[in-house]
Amino acid sequence: MTQGSESTRSDRPSSDGTDTVLHRFERWARDTPGAHAVIAGADSLTYGQLDARANQLAHYLLDAGLPADALVAVGTARQSELLVAVLAALKAGAAYTVVDVEAPRAARQLLAAVEPFALLTHAPHEARLDDGSGRRVIRLGSESAAISARPTGPPPRTGPGRTAAVLCAGGAVPRAVPISHPRLLAAYESWAEVARLHPGDRHLVTSGASVTAFAAGWTRALCSGGALVVPVLAPWRPEEIREAIEAEQVTVVHTDPAGAARLLLRDPGPKDAGQQPGVPGPRHEAGPQLRAVRLLTVTGDRLYLDEQAALQSRLRTGVRLLNVYGLTETAGAGAWFDLPQLPGPVDDPEELSLIGTPFPGCRVDLRAGEIRLTPPDGGDAIPTGDLARLREDGLLEFGGRIRDRITVDGRTLDPHALESALRGHEGIGSAMVAAVPGFQGVRRLVAYVAPPADDTSWPPGSLLPDIDEVRAHLADKVPSEDRPRAVVRLRILPRNRAGQEDRAGLPQPPQTVLGDATAGVARGGGKYGAASAGEGSASCAIGCGAIVLAFVSRLLTDFIWPGSTDLTGVPNPWAFLFGNLYLFECLAFGLGVVFLFTGRARMLSHGRGRALTTAAHLAVVYLLVSWWPQDNLYRLAAKQDWPRQAALVYTFNVPLMIAAAVLAFYVSRKKASPFDFED
């Protein structure tokens with residue numbers, strides 16, 4: 001089954017390399033040198049300034065011995081400088097790759113994979129990106145004087161190399177994807193036709209610089225004569241995006257589903273003083289900061305039809321909202337859908353994600369349900385690993401990803417269908433399903449659910465269903481064996497830096513949530529997930545264990561430190577108060593010992609990473625257990641015994657400070673846990 005789309009433009013990319021995205025940019029620099037190209041506060045540049053600075057850096061790279069068809073890596077939080085470097089690499093006959101300084105581990109992995117001629121960065125980022133390879137580093141700040149001394153005219157090298165860019169495909173291990181000059185230009189041409197780009201547009205891309213939406217998407221602005229609005233220092237913060245859209249009169253916004261929801265569905269202003277929790281407030285229309293927007297493109301992950309309709313309802317009449325399906329291998333081109341493509345009303349919009357029709361020049365083949373996408377510049381069809389079906393109305397319906405398939409009890413399950421059915425529940429805005437090992441390693445289906453983006457319940461997510469409600473909802477939709485055994489309720493689902501749902505970031509539920517082969521279905525309860533009687537029994541056992549250990553440690557106190565608890569001669573009420581203090585120290589010790597053996601598994605469910613969780617776990621243990629030996633040793637130390645006092649301070653107090661700092665870092669880690677509720 002095949003679906004294709006042909007371009008109506010006559011200026012298709014030339015196969016002989018005489019037309020590239022660089023040539024398109026240079027035409028605008030020649031024809032409109034005073035027009036805005038990059039808007040970034042004091043770092044803003046016109047087309048003429050951007051072209052001249054890119055020429056100077058290109059001369060500098062060539063003088064440094066840049067080989068023909070080499071690769072230049074660019075990593076900096078200053079996106080205006082990043083664009084100068086990208087254009088300079090192309091002008092020097094090289095290819096560019098963009099690394100994310102905010103994700104240094106992934107950046108180092110990508111650098112090791114592509115082995116660029118040089119890394120262009122600023123000094124503050126150099127240490128983050130250093131992988132010990134000894135590669136050449138060009139410091140854009142400290143070497144700026146030498147760069148600015150170069151000619152502002154174009155460099156002598158003519159003719160592009162084989163590769164224009166090496167883009168980073170996301171995943172646990174970044175994957176380098178080479179993009180040719182014809183493909184980069186063809187992707188721009190396809191976007192220009194679908195988005196109806198014109199020189200008056202001001203573009204804003206919310207994703208990080210290394211994501212395809214920006215690393216290849218800058219062409220949509222700078223090859224059409226428009227302006228690209230970027231943060232002075234990346235990445236964008238949500239409040240900065242709104243401010244920039246208002247201040248710079250942005251007309252085209254490129255974002256992901258979560259970014260679109262933050263922009264349109266969540267009220268950014270203060271809560272109404274008279275609004276009661278759980279009572280929906282008035283409908284929020286598009287604010288003045290969105291009145292210049294004519295186009296909103298949403299890409300990076302699945303967008304359901306009801307979500308798209310909700311977003312569209314917050315925009316002014318006539319504003320287009322496109323759900324875009326694109327690949328890194330096609331420089332972001334693929335398929336697109338907007339609501340006017342629907343021939344009529346549809347049933348169950350909360351269970352449908354439509355990706356519409358192919359971009360101009362692209363073609364979609366469905367083989368055994370898998371999408372094979374032909375790039376806009378032609379060539380072989382690319383197997384995407386994504387599933388779809390062609391509806392009777394001619395629109396493509398997204399069907400999930402092959403890599404997400406899970407195996408439970410010898411059966412293979414496509415979670416997208418189950419997740420879509422879960423979204424049919426009125427209280428669920430998003431859902432993911434995972435197979436989680438339970439007791440004795442038996443895998444159980446667990447549903448992770450979050451409320452809609454415009455949820456007004458209080459506390460947030462309180463209207464999410466429990467496991468009984470979920471299974472009842474799925475009774476006539478899904479076979480019994482494919483229904484989840486437990487529900488974990490989250491405020492938001494975890495997402496990676498590209499805005500995609502992060503299945504690897506789903507927290508592990510407590511074992512008591514999953515039950516065993518004979519325990520039946522775990523029942524819902526608790527704030528974040530299912531609870532059971534076993535969980536209460538476990539808590540009781542933990543408390544009893546701590547009390548027993550406290551009693552034992554109190555008995556051992558006088559044996560280990562004779563005289564440390566002697567209150568002879570201390571009058572009441574002080575003797576009573578000190579006696580209670582000794583009991584509390586022993587109880588803290590007992591709690592600490594119990595937490596040593598039981599706390600780590602519970603902390604891991606918060607999803608803040610194993611290394612940080614281990615450090616925080618040990619910090620909590622030390623903060624609890626250290627008081628019992630510390631106070632007893634202090635009470636036996638003479639006040640003027642300076643060597644012993646110093647030894648006690650460095651043995652106990654300094655580690656206590658370190659433990660407190662570790663714990664403070666753990667609890668303040670922003671993106672660590674999907675359990676963190678937003679205001």
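Predicted model: local features only at pLDDT ≥ 70, side-chain atom pairs only at ≥ 80, totals over all residues.

Reader: What is the general idea behind a core?

Author: In soluble globular proteins, nonpolar side chains tend to be buried together. Here, the largest nonpolar core has 87 residues. Leu50, Leu57, Tyr96, Leu120 and Trp218 have the most contacts inside it. Helix 3 (residues 79–91) supplies the largest share of this core, nine residues.

Reader: Which residues is Leu50 in contact with, leaving aside neighbours within four places in sequence?

Author: Leu50 is in contact with Phe25, Ala37, Val38, Leu45, Leu83, Val84, Leu87 and Leu222. There is also a second, separate core of 24 residues. Trp236, Ile241, Val293 and Leu315 are among its members.

Reader: Which residues form a nonpolar patch on the surface?

Author: Val548, Phe551, Val552, Leu555, Leu556, Phe559 and Ile560 do. Together they have about 720 Å² of accessible area. Take Leu556, in helix 16 (residues 533–560). Its relative accessibility is 36%, so Leu556 counts as partly exposed.

Reader: Now Ala431. Is it buried or exposed?

Author: Buried, because its relative accessibility is 2%. The cut-off for buried is under 20%. Ala431 lies in strand 23 (residues 430–437).

Reader: What does Ala431 touch, not counting residues up to four places away in sequence?

Author: Arg302, Glu419, Leu422, Tyr448, Val449 and Leu493. Ala431 and Ile492 are 61 residues apart along the chain, yet their C-alpha atoms are separated by 9.4 Å.

Conventions: Residues numbered from 1 in each chain as written. Heavy atoms only, no water. Core = buried A, V, L, I, M, F, W, Y, C linked by side-chain atoms within 4.5 Å. Buried < 20%, exposed > 50% of the residue type's maximum accessible area, 1.4 Å probe, protein only. Helix = DSSP H or I, 4+ residues; strand = E, 2+ residues; numbered from the N terminus. Contact = heavy atoms within 4.5 Å. Patch = residues over 30% accessible without salt bridge, like charges linked within 9 Å, V, L, I, M, F, W, Y side chains within 5 Å. Areas by Shrake-Rupley, 256 points an atom, 1.4 Å probe, with all protein chains shown as cover. Salt bridge = Lys/Arg side-chain N within 4 Å of Asp/Glu carboxyl O.
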